[in-house]
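Hello,

Here is the structure I said I would pass on. My notes on it follow below.

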Amino acid sequence: MAAFFFFLLLCIHFSSAEPFIGVNYGQVADNLPPPSATAKLLQSTSIEKVRLYGADPAIIKALANTGIGIVVGAANGDIPALASDPNSAAQWINSNVLPFYPASNIILITVGNEVLTTNDPNLVNQLLPAMQNMQNAVNGAKLGGKIKVSTVHSMAVLGQSDPPSSGSFVPSYQPALKGLLQFHNDNGSPFAINPYPFFAYESDSRPETLAFCLFQPNAGRVDSGNGIKYMNMFDAQVDAVHSALSSMGFKDVEIMVAETGWPYSGDSNEVGTSVENAKAYNGNLIAHLRSMVGTPLMPGKSVDTYLFALYDEDLKPGPGSERAFGLFKPDLSMTYDISISKSSQTPSTPKTPVTPQPKPTATGWCVPKAGVSDAQLQSSLDYACGQGVDCSPIQPGGACFEPNTIASHAAYAMNIYYQSSAKNPWNCDFSQTATLTSQNPSYNNCIYPGGST
């Protein structure tokens with residue numbers, strides 16, 4: 001019976017993949033592969049949701065019967081008509097949703113993109129009526145509760161974000177936000193926001209800031225308001241949004257990260273744009289989301305997060321980085337590997353041990369030092385698992401999942417990273433949180449590779 005439940009846990013974990021990982025599919029390009037090829041590409045990954053900026057019928061149709069959740073968007077230019085005429089919203093649903101649903105799994109409609117920060121008073125005032133009419137049209141089509149309605153905001157709606165506990169919205173946006181947040185609260189729809197640690201690094205390009213932004217081992221930053229130590233910028237930005245929602249009286253409104261990413265190339269005057277940094281940010285972010293540790297203010301769950309972007313968009317204006325966010329090339333090859341291919345996510349078969357017994361060496365095992373905080377260990381765990389090593393034994397159902405503690409999981413991840421490296425002393429440093437030991441930390445069926453003569 002125990003073996004059956006172990007197998008069941010394994011199946012549940014790997015069949016459900018990562019419902020919190022999505023990707024943005026922008027189309028400001030003239031060289032993109034056909035939608036059918038993109039649909040097959042997405043099915044070969046652990047990405048479970050796609051956000052479109054419009055409602056391209058060819059793409060929506062290509063995603064039919066894939067099970068992939070689809071976010072479709074009404075443009076800013078659609079807002080005046082949607083706000084003034086309920087029939088316009090009904091027509092939008094009739095044209096862009098009903099011909100495809102439910103074969104195409106449309107889960108969310110975004111009305112407008114970063115409307116508040118356009119600072120166009122007419123557009124801002126029309127946003128809520130447009131969303132209300134869209135919601136009524138969804139309800140009229142008997143899809144209420146199945147398809148949500150939201151809008152997407154820039155991080156610039158926050159007037160204060162550091163420290164995270166002080167997060168608050170720009171005062172001039174608060175009247176509009178009060179109505180929008182009440183809408184989200186009433187309809188159970190998410191507050192969608194675009195946090196980019198990359199832009200935070202651009203404005204503070206110290207090495208320690210880069211490590212903090214890339215989920216790499218770092219000293220952390222203490223929130224002076226509540227004493228919580230943050231180990232990465234993503235958590236700090238998301239928690240700042242949570243604090244801002246709480247300050248408005250809407251702490252229970254769900255947060256959705258509609259866009260986040262890191263460019264792999266840019267102009268000569270743009271700091272931090274490299275394949276290495278883009279791979280580190282996106283890979284470590286995915287490892288962090290998979291750990292399900294959450295953020296300090298919202299622990300134990302992962303925020304729905306849509307990576308930017310599926311492909312480069314070669315016709316986008318602006319600096320070079322704007323055209324270099326793609327996870328995949330137009331020929332469907334990976335720009336860099338961040339462990340989202342299903343082939344790299346397949347658990348080991350029971351025929352062989354998850355981790356084969358290694359040959360004895362003189363290097364020992366890499367384990368956390370005593371007294372290191374969970375926050376620092378989580379940072380090291382995210383970093384190690386983001387480097388492409390096999391962390392499946394510490395995922396649910398794995399041989400090393402129990403005890404389900406950050407310290408135990410970090411110990412395994414640090415060691416597997418060290419054993420797969422050149423085994424230099426600095427490969428077991430993790431910002432001075434780890435040390436080498438000659439005592440084998442293996443237990444029960446959880447085998448730590450390594451050893452000593």
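The UniProt annotation "domain: X8", from an unreviewed entry, covers residues 364-448; UniProt positions are given in the numbering used here, feature names are shortened, and annotations may be inferred rather than shown by experiment. Over residues 364-448 the chain is 31% helix and 9% strand, with the end C-alpha atoms 10 Å apart. Helices (H or I, at least four residues) and strands (E, at least two) are DSSP runs, numbered from the N terminus.

This is a predicted model, in which local features need pLDDT of at least 70 and side-chain atom pairs count only at pLDDT 80 or more, while totals for chains, interfaces and linings use all residues. Residues are numbered from 1 along each chain as its sequence is written, and side-chain values use heavy atoms, with hydrogens and water left out.

Next, a helix pair. The axes of α11 (residues 275-291) and α13 (residues 374-385) come within 8 Å and cross at roughly 120 degrees (axes are lines fitted to C-alpha atoms, for helices over the stretch in contact, and angles run from 0 to 180 degrees between N-to-C directions). The contact (heavy atoms within 4.5 Å) is made by Asn284, Ala287, His288 and Ser291 of α11 and Gln378, Asp382, Tyr383 and Cys385 of α13.

Finally, salt bridges (a side-chain nitrogen of Lys or Arg within 4 Å of a carboxyl oxygen of Asp or Glu). The whole structure has nine. In one of them, Asp204 pairs with Arg221, the closest N and O atoms being 4.0 Å apart. This pair links distant parts of the chain, 17 residues apart: Asp204 is in the loop between α8 (197-202) and α9 (207-213), and Arg221 is in strand β9 (residues 221-222).

Regards
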